[in-house]
Amino acid sequence: MLLKFVGELEETDCMTPMDVVVRILNNQLSSLMWIDEKVRLFFHIFIFLSLSLLNVVQKCLSDFEYCFFFQKL
């Protein structure tokens, strides 16, 4: 009955317990690989956005210093 909730493991009549374990582990490995791929993608997006924001802040600060310098003269 437990195998009905796993998804692909409904055909367990001719499978050995080792086959069932291998299928479960394979499904879990596939899920973990998918999660790892998405985490890497979001990490790269986060780094890109952080660097872009840092560039914007740096540009604004340099413009501010430039304007501030010429206001004193």
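The accessible surface of the chain comes to about 7,100 Å², and carbon and sulfur atoms account for 70% of that area. This surface belongs to a predicted model. Of the 73 residues in the chain, 4% are buried.

The average pLDDT over the chain is 77, and 67% of the residues score at least 70. Over residues 1-5, pLDDT stays under 50, and for this stretch the model has 4 contacts beyond four places in sequence.

The secondary structure can be described briefly. The chain contains 1 helix and 0 strands. Helix α1 spans residues 17-72, and Ile45 is found within this helix. Ser52 is likewise part of helix α1.

Attention may now turn to the surface around Ile45. A nonpolar patch on the surface is formed by Leu41, Phe42, Ile45, Phe48 and Leu49, which together have about 540 Å² of accessible area. How exposed is Ile45, a member of this patch? Ile45 counts as partly exposed because its relative accessibility is 39%, and the partly exposed class lies between under 20% for buried and over 50% for exposed.

Which backbone atom does the side chain of Ser52 reach? The side chain of Ser52 reaches the backbone oxygen of Phe48, at 2.9 Å. Phe48 is itself one of the residues that form the nonpolar patch.

Definitions and conventions:
Residues are numbered from 1 along each chain as its sequence is written. This is a predicted model: local features need pLDDT of at least 70, side-chain atom pairs count only at pLDDT 80 or more; totals for chains, interfaces and linings use all residues. Side-chain values use heavy atoms; hydrogens and water are left out. Patches are made of residues with over 30% relative accessible area and no salt bridge: like charges are joined within 9 Å, nonpolar side chains (Val, Leu, Ile, Met, Phe, Trp, Tyr) within 5 Å. Accessible areas come from the Shrake-Rupley method with a 1.4 Å probe; for residues, only the protein chains shown count as cover. A salt bridge is a side-chain nitrogen of Lys or Arg within 4 Å of a carboxyl oxygen of Asp or Glu. Helices (H or I, at least four residues) and strands (E, at least two) are DSSP runs, numbered from the N terminus. Buried means under 20% relative accessible area, exposed over 50%, partly exposed in between (1.4 Å probe, protein chains only). pLDDT is the predictor's confidence in each residue, from 0 to 100. Contact means heavy atoms within 4.5 Å. A polar contact is a pair of N or O atoms within 3.5 Å; within protein, one must be able to donate a hydrogen and the other to accept it, and residues adjacent in sequence count only if both atoms are side-chain atoms.
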